[in-house]
Amino acid sequence: DLKARFSGLMAPTGRLRDLDVYLAEKAAFFDLLPPSMHGGLEHMFALFERQRAAAQADLVAHLESKAYQREMKALEKLFSGKKGLAKGPDAKRPAVAYSSALIWKRYRKVCKIAAGIDDRTEDEEVHRLRIHCKKLRYLMEFFAPVFPEKAFKSVLKPLKRLQDNLGLFNDYSVQQDSLRALLRDLDAAPDAHNIDIAQSIGALIVVLDEKQRAERARVVDSFAAFNGAETRATFERLFHTPKVPA
């Protein structure tokens, strides 16, 4: 229930966040295309700025709405009230035993998915691996204080590297989808600059597709490093056969 409610609170921020990312990386997009196509990019980013202003206004209205305020007050009461959240069945279980079981299960899931990824794997499967890596990393970082620091960092480092590659792969995929959606929107809003914008979008999609393909190969290499014998042994020692204090 909490997971669904938190997700609902975040959902309205998505469009504004995506536009902020585009505008923050404006210079990088210009570097991807030759100067002859920069005119279309200028018009495209002017369109993004107008869309961002509208998205920000929508989000402000949402945050000031009575429905949002009611939900925040209800959650605050749930967490602070004496009759709010009841203890779960694992509330008295030692943190090392509880977290180790979760981390080991998630780690095995990551390894199973990653082992099947190659040049022919569907994008959705690579995205699924990214989600599981994100969950594994957050889980590990949350419980980091109960594990030996040096050994813990030795397995977290290759996971971060793999996650970085997966993040770039996902960014290139999402950007292509967003640009294709923008192309469809151009048809519904005729403008003198639409042809220039469409040409720049088409060129960007080609470049981003090439980058995504290259990043997929790096994902395979990063997983090989993450799945090395030493890392596997450390994961098993830390999380599969942990020493639980009496």
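# Exercises on helix packing and burial

**Exercise 1. Where does S100 sit, and is S100 buried or exposed?**

- S100 has its place in helix α6. The model is predicted.
- The relative accessible area of S100 is 1%.
- The cut-off for buried is under 20%.
- S100 is therefore buried.
- Now take a distance. S100 and R232 lie 132 residues apart in sequence. Their C-alpha atoms are 14 Å apart in space.

**Exercise 2. Which element holds E64, and is E64 buried or exposed?**

- E64 is in the loop between α4 and α5, the latter being residues 66-80.
- Its relative accessibility is 61%.
- Exposed begins over 50%.
- E64 therefore counts as exposed.
- E64 and R216 are 152 residues apart along the chain. Their C-alpha atoms are separated by 42 Å.

**Exercise 3. How are α6 and α7 oriented to each other, and which residues make the contact?**

- Start with the geometry. α6 and α7 pack at an angle of about 155°. Their axes are 9 Å apart.
- Angles over 145 degrees count as roughly antiparallel.
- α6 and α7 are therefore roughly antiparallel to each other.
- Next, the handedness. α6 passes α7 in a left-handed crossing.
- Then the residues. α6 contributes Y98, S99, L102, I103, R106, Y107, K109, V110, I113 and A114. α7 contributes E125, R128, L129, H132, C133, K135, L136, L139, M140 and F143.
- Sort them by class. The contact of α6 with α7 has 13 nonpolar, two polar and five charged residues.

**Exercise 4. Describe the packing of α4 (residues 38-63) against α9.**

- The two axes come within 7 Å. They cross at roughly 100°.
- The range for roughly perpendicular is 65 to 115 degrees.
- α4 and α9 are therefore roughly perpendicular to each other.
- On the α4 side, the contact is made by G40, L41, H43 and M44. On the α9 side, it is made by D196, I197, S200, I201 and L204.
- By class, the contact of α4 with α9 divides into five nonpolar, three polar and one charged.

**Exercise 5. Work out the orientation and handedness of α8 and α9.**

- The axes of α8 and α9 come within 8 Å and cross at roughly 160°.
- That makes α8 roughly antiparallel to α9.
- The crossing of α8 past α9 is left-handed.
- Finish with the composition. The contact of α8 with α9 has 22 nonpolar, seven polar and seven charged residues.

**Exercise 6. Which residues of α10 (residues 229-240) are buried, and why do they lie on the same side of the helix?**

- List the buried residues of α10: T231, T234, F235, L238 and F239.
- Find the cover. The elements over the buried residues of α10 include α6 (95-115), α7 (123-143), α8 (149-188) and α9 (194-226).

**Exercise 7. Which residues are buried in α2 (residues 14-24), and what covers them?**

- G14, L16, L19 and Y22 are buried in α2.
- Their cover includes α1 (2-10), α3 (26-32), α4 and α8.

Note on methods: Residues are numbered from 1 along each chain as its sequence is written. This is a predicted model: local features need pLDDT of at least 70, side-chain atom pairs count only at pLDDT 80 or more; totals for chains, interfaces and linings use all residues. Side-chain values use heavy atoms; hydrogens and water are left out. Buried means under 20% relative accessible area, exposed over 50%, partly exposed in between (1.4 Å probe, protein chains only). Helices (H or I, at least four residues) and strands (E, at least two) are DSSP runs, numbered from the N terminus. Contact means heavy atoms within 4.5 Å. Axes are lines fitted to C-alpha atoms, for helices over the stretch in contact, and angles run from 0 to 180 degrees between N-to-C directions. Angles under 35 degrees count as roughly parallel, over 145 as roughly antiparallel, 65 to 115 as roughly perpendicular and the rest as oblique. A crossing is left-handed if the near helix is turned anticlockwise from the far one by less than a right angle, and right-handed if clockwise. Ala, Val, Leu, Ile, Met, Phe, Trp, Tyr, Cys and Pro count as nonpolar, Asp, Glu, Lys and Arg as charged, and the others, Gly among them, as polar.
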